[in-house]
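Subject: Structure for you to look at

Hello,

Here is the structure I said I would pass on. Please open it first, then read the notes below it.

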Amino acid sequence: MTTTTVSAPASAPATVASALRRLYLIRFGFALIWAVVLFLTASSIGPVSATLLVIYPLFDVGAAVVDARSSRASRSALGLYVNIAISVFAGVGLVFAVTSGIPGVLRVWGAWAVVAGLVQLIVALRRRDLGGQWAMIASGSISALAGISFFRQAAAPHSSLSNLAGYALLGGIFFLVSALRLGHNASRSTGGSN
């Protein structure tokens with residue numbers, strides 16, 4: 001009797017890294033535009049800022065779905081599905097929070113930032129072998145800490161949404177750094193230039 005072992009192609013990690021690189025670049029662009037527009041409307045919750053607040057976690061859902069599809073066989077897929085669920089709950093929570101005011105938004109956003117940051121940290125730790133994940137590890141850790149600060153800001157007398165813009169921008173920069181590192185690692189492993 002002959003047994004054959006089917007193994008994953010050697011290019012599987014490279015394919016996942018390439019897909020992550022493209023996704024991270026898109027996430028950087030989205031975060032940059034989102035942060036600028038939110039910062040310009042951060043003094044109160046109006047139609048534009050309310051829409052932005054709900055769209056952000058929904059964009060995160062879409063990005064996690066794309067990420068999960070490209071990482072289906074990896075150990076990070078479960079964390080991505082958890083992130084999808086967390087972000088859906090955050091989007092729904094923000095639909096209601098925008099009607100209650102900035103403190104309510106900061107509380108929902110803070111809870112989401114803490115839990116999603118911890119999930120991001122776990123996923124990034126599991127992806128260390130792909131390279132370029134130190135930025136995602138830092139981003140997940142900072143997200144959890146920022147979430148706690150959003151809770152504290154919600155109790156401040158003149159709370160604002162501008163810190164959410166800074167949070168998104170910093171997260172976008174971490175995605176850009178990770179994308180660049182993934183591209184650099186791919187270039188080194190193939191011997192080409194990127």
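Arginine 27 has a relative accessibility of 14%, and because the cut-off for buried is under 20%, this residue counts as buried. Please keep in mind that the model is predicted.

Which residue does arginine 27 pair with in a salt bridge? The partner is aspartate 60, with 2.3 Å from N to O between the two side chains. Arginine 27 belongs to helix H1 (residues 12–40) and aspartate 60 to helix H2 (residues 47–70), so this pair, 33 residues apart, links distant parts of the chain. Aspartate 60 is also buried, at 6% relative accessibility.

In general, side chains of opposite charge can pair when their charged atoms come close.

Two salt bridges turn up when the whole structure is searched. The other joins aspartate 67 to arginine 127, where the closest N and O atoms are 2.4 Å apart.

Serine 87 is found in helix H3 (residues 77–97) and is buried, with a relative accessible area of 0%. Beyond its neighbours within four places in sequence, serine 87 touches Pro57, Asp60, Val61 and Trp112.

Regards

Key
Residues are numbered from 1 along each chain as its sequence is written. This is a predicted model: local features need pLDDT of at least 70, side-chain atom pairs count only at pLDDT 80 or more; totals for chains, interfaces and linings use all residues. Side-chain values use heavy atoms; hydrogens and water are left out. A salt bridge is a side-chain nitrogen of Lys or Arg within 4 Å of a carboxyl oxygen of Asp or Glu. Helices (H or I, at least four residues) and strands (E, at least two) are DSSP runs, numbered from the N terminus. Buried means under 20% relative accessible area, exposed over 50%, partly exposed in between (1.4 Å probe, protein chains only). Contact means heavy atoms within 4.5 Å.
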